[in-house]
Every structure is written in C-alpha cells, then in structure tokens.
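Subject: Handing over a structure

Hello,

I am passing a structure on to you, and you will find it just below. After it come my notes on what turned up.

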Amino acid sequence: MAAFETAAPVRFGAMCRELLERDGFSNAVRVGGAGDLGADVVAKTTWGGGWCCGAS
C-alpha cells in the first residue's frame with residue numbers, strides 16, 4: 001500500500017493498470033491527464049462492463 005501512497009502520478013496509473021490486468025480485466029488503458037474527470041485507468045470486465053479507477 002505504501003507504494004501506491006508514494007507513487008508519482010504516472011506510476012500510480014501504471015500500477016492500477018497492472019493490477020486490473022492481473023485480475024483478469026481487459027483493455028486496461030491509462031487515460032489520466034487534463035480533462036480526464038478523475039480517471040486514471042479504464043478497463044473492461046469479463047462480462048463487458050466498464051471499470052474506472054483514479055485518485056482524488
């Protein structure tokens with residue numbers, strides 16, 4: 001958990017993407033940046049739903 005708390009923004013997004021891929025999500029993409037509405041990574045679930053994670 002400490003790694004997430006101290007990660008630079010780009011690394012945080014990469015770590016989230018890696019965890020989603022590890023847990024079976026597909027098409028995990030880092031999307032963070034200006035105008036992203038708080039999203040750092042988006043992915044698809046195995047049943048086709050969307051997933052978004054970000055830091056506030």
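Is Glu-21 buried, partly exposed or exposed? Glu-21 is partly exposed, as its relative accessible area is 39%; here buried means under 20% relative accessible area, exposed means over 50%, and partly exposed lies in between, with a 1.4 Å probe and protein chains only.

A word on the model before the rest. It is a predicted one, in which local features need pLDDT of at least 70 and side-chain atom pairs count only at pLDDT 80 or more, while totals for chains, interfaces and linings use all residues. Residues are numbered from 1 along each chain as its sequence is written, and side-chain values use heavy atoms, with hydrogens and water left out.

Now to the charged pairs. Searching the whole structure gives 3 salt bridges, a salt bridge being a side-chain nitrogen of Lys or Arg within 4 Å of a carboxyl oxygen of Asp or Glu. Glu-21 takes part in one of them, with Arg-17 as its partner and 3.2 Å from N to O. These two residues lie 4 residues apart in helix H2 (residues 9-22), so about one helical turn separates Arg-17 from Glu-21. Helices (H or I, at least four residues) and strands (E, at least two) are DSSP runs, numbered from the N terminus. Arg-17 is partly exposed too, at 25% relative accessible area.

Another bridge joins Glu-18 to Arg-11, again with 3.2 Å from N to O. Glu-18 is partly exposed at 36% relative accessibility, and Arg-11 is partly exposed at 40%. Asp-23 and Arg-22 form a bridge as well, at 2.9 Å from N to O, and Arg-22 is exposed, with 60% relative accessible area.

Helix H2 has 14 residues and spans 20 Å from first C-alpha to last, close to the 20 Å expected at 1.5 Å a residue; that expected span is 1.5 Å times one less than the number of residues. Its buried residues are Phe-12, Gly-13, Ala-14, Met-15, Cys-16 and Leu-20. After H2 comes Gly-24, with a positive phi near 95°.

Finally, the inside. The largest nonpolar core has 6 residues: Phe-12, Cys-16, Leu-20, Ala-28, Val-41 and Ala-43. Such a core is a set of buried Ala, Val, Leu, Ile, Met, Phe, Trp, Tyr and Cys residues joined through side-chain atoms within 4.5 Å. H2 and strand S2 (41-44) are the elements giving two or more residues to this core, and H2 gives the most, with 3 residues.

Best wishes
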